[in-house]
Amino acid sequence: MKKLLPVILSFIVMNLVACGDNSKQILIPAQHWKEADVRIETHPNPPLAGMSEIVVIVTGLRGRPVQDLTVSLRGNDSMQWVQAIQDGNIGVYRRGIDIGDGESVALQVQLQQGTDKKVLIFPLKLAKNNT
């Protein structure tokens, strides 16, 4: 019985994790620029009005990171661009920014590689603040 106890406990823990409520998280469709796929994640997910961390993931052919890229973010046209910080050389860029308020926002992601520049718009539905 003592040998089965760790197996039983790990089975219970795995089932509890699998029962977690991820249904409230939003999936944000990827967009494309040149040969790159551009995905974003928000922390928290769904984002709250005001400050949220935005993670931008840019991958090229065969899922490899895109090199020599500058990524900037802003919540709307009236806000200043802020440069995201590259997280290693793995095609991940992150930054905490004010995404604005309301029921939804249009997050702007500016990609620049050399003289080529593109702004992608990611519509986000904000979580309701229960305070």
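Trainee: Which residue in β9 is the bridge partner of Val 105?

Mentor: This is a predicted model, in which local features need pLDDT of at least 70 and side-chain atom pairs count only at pLDDT 80 or more, while totals for chains, interfaces and linings use all residues. Residues are numbered from 1 along each chain as its sequence is written, and side-chain values use heavy atoms, with hydrogens and water left out. Strands are DSSP runs (E, at least two residues; helices are H or I, at least four), numbered from the N terminus, and two of them pair if DSSP finds at least two bridges between them. β8 and β9 pair in the antiparallel sense over 10 bridges, and in β9 the partner of Val 105 is Leu 124.

Trainee: How many residues lie between β8 and β9 in their hairpin?

Mentor: β8 covers residues 104-113, and β9 covers residues 116-125. The turn of their hairpin holds Gly 114, which has a positive phi of about 65°. The number of residues between the two strands is 2.

Trainee: Which residue in β8 stands opposite Leu 73?

Mentor: β8 also runs antiparallel to β4, to which 5 bridges join it. Within β8, the residue opposite Leu 73 is Val 109.

Trainee: Why does Lys 34 count as partly exposed?

Mentor: The place of Lys 34 is in the loop between β1 (31-33) and β2, and its phi is positive, about 55°, although it is not a glycine. Buried means under 20% relative accessible area and exposed over 50%, with partly exposed in between (1.4 Å probe, protein chains only). Lys 34 counts as partly exposed because its relative accessibility is 47%.

Trainee: With which residue does Lys 34 form a salt bridge?

Mentor: A salt bridge is a side-chain nitrogen of Lys or Arg within 4 Å of a carboxyl oxygen of Asp or Glu, and by this rule the model has 4 salt bridges. The pair in question links distant parts of the chain, 82 residues apart, with the partner in strand β9. The closest N and O atoms are 2.8 Å apart, and the partner of Lys 34 is Asp 116.

Trainee: How many residues apart in sequence are the parts that Glu 53 and Arg 94 tie together?

Mentor: Glu 53 forms a salt bridge with Arg 94, the closest N and O atoms being 3.0 Å apart. Glu 53 lies in strand β3 and Arg 94 in strand β7 (residues 92-98), so the separation along the sequence of the parts that this pair ties together is 41 residues.

Trainee: Is Arg 74 buried or exposed?

Mentor: Arg 74 forms a salt bridge with Asp 77, and the closest N and O atoms are 3.6 Å apart. Asp 77 is exposed, with a relative accessible area of 60%. Arg 74, with 15% relative accessibility, counts as buried.

Trainee: What is omega at the cis peptide bond from Asn 45 to Pro 46?

Mentor: Pro 46 is found in the loop between β2 and β3, and Pro 44 lies in that loop as well. The bond that joins His 43 and Pro 44 is a cis peptide bond with omega about 5°. For the cis bond from Asn 45 to Pro 46, omega is near 0°.

Trainee: How many contacts beyond four places in sequence does the model have for residues 4-23?

Mentor: pLDDT is the predictor's confidence in each residue, from 0 to 100, and its mean over the chain is 83, with 79% of the residues reaching 70 or more. Over residues 4-23, however, pLDDT stays under 50.

How values were computed: Contact = heavy atoms within 4.5 Å.
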